[in-house]
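I opened the notebook to go through one chain. The entries run from the whole chain down to single residues.

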Amino acid sequence: MLLLGHWNACLQFFIPMLNEFPVDSWDAGWFEQYTWALFKAMSHMLSIGYGRFPPTSSSEAWITIISMMTGSTCYALFVGHAAALIQSFDCSKKLYREKFKQVEEYMAYRKLPRVLRQKIANYYEHRYQGKMFNERIILDELSECLREQIINHNCRALVAAVPFFTYADRHFVSEVLMRLKYEVFQPGDWIIKEGQMGAKMYFIQEGIVDIVDTDGRVATSLSDGSYFGVQLLRIVKQTLLS
């Protein structure tokens with residue numbers, strides 16, 4: 001920017017020199033001449049005015065236009081580099097925005113209804129909270145010991161809230177946590193319906209799950225630390241014993 005300003009200042013001095021320095025122009029020492037030339041060039045480049053005097057000839061007007069275009073280009077490049085630098089500070093947020101942009105384009109391509117689009121947007125917001133990591137790849141690259149420590153740390157609130165883990169063996173708890181998968185359900189979603197064969201066991205980390213009877217009435221509610229689908233463990237145990 002300073003180098004371009006210097007070159008523009010030289011051009012600002014070059015034009016009066018070609019005109020053999022009209023009366024009352026550049027009548028000063030070389031330092032003052034360069035100072036006013038640089039001031040005029042920078043004022044053009046930053047688009048904050050025409051300097052001390054507006055252009056009075058076509059040659060000065062063209063120099064002013066070139067200076068303004070040069071300054072505008074430098075300003076655009078500076079803003080672009082600054083924006084790229086800021087985005088590079090948070091790669092996970094950038095990855096989330098790129099992913100969600102693809103989701104928006106997909107929803108528009110499939111012409112999904114507005115209500116369904118909002119539910120999908122809410123799901124991504126609650127599921128990823130503005131950041132996206134490929135956690136499975138990150139954990140797979142680590143040693144088993146480090147992977148176990150990270151998972152135990154991430155699930156410490158769940159372990160503390162679930163009575164099922166209170167008196168269980170530490171190694172058993174670690175093995176269970178290693179196989180857990182994080183799922184998000186929104187209000188109104190059905191997790192499992194009566195008559196369906198259960199294939200999962202759920203631990204509630206945060207939120208409320210209502211158990212609704214066939215008449216649509218809430219029989220009971222489960223909250224943080226509760227679990228359901230435990231009958232699956234009984235089926236597996238009976239199968240192993242048989």
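I counted a contact when heavy atoms lie within 4.5 Å. With that cut-off, residues 24 or more positions apart account for 51% of the contacts with a separation of 6 or more.

I noted the source next. This is a predicted model, where local features need pLDDT of at least 70, side-chain atom pairs count only at pLDDT 80 or more, and totals for chains, interfaces and linings use all residues. Residues are numbered from 1 along each chain as its sequence is written, and side-chain values use heavy atoms, with hydrogens and water left out.

I looked up the secondary structure. Helices (H or I, at least four residues) and strands (E, at least two) are DSSP runs, numbered from the N terminus. The chain has ten helices and four strands. Its order along the sequence is α-α-α-α-α-α-α-α-α-β-β-β-β-α.

I checked the surface. The accessible area is about 18400 Å², and carbon and sulfur atoms hold 60% of that. These areas come from the Shrake-Rupley method with a 1.4 Å probe. Of the 242 residues, 21% are buried, meaning under 20% relative accessible area with protein chains only.

I asked: is Ser-92 buried or exposed? Ser-92 counts as buried because its relative accessibility is 11%. Ser-92 sits in helix H4 (residues 91-110). Leaving out residues up to four places away in sequence, Ser-92 touches Gly-130, Lys-131, Met-132 and Phe-133.

I turned to the strands. S2 (residues 209-212) and S3 (residues 218-222) pair antiparallel over four bridges; pairing takes at least two bridges found by DSSP. Val-209 stands opposite Leu-222 in S3. Five residues lie between the strands of this hairpin, and Gly-216 takes a positive phi near 85 degrees there.

Conventions: Buried < 20%, exposed > 50% of the residue type's maximum accessible area, 1.4 Å probe, protein only.
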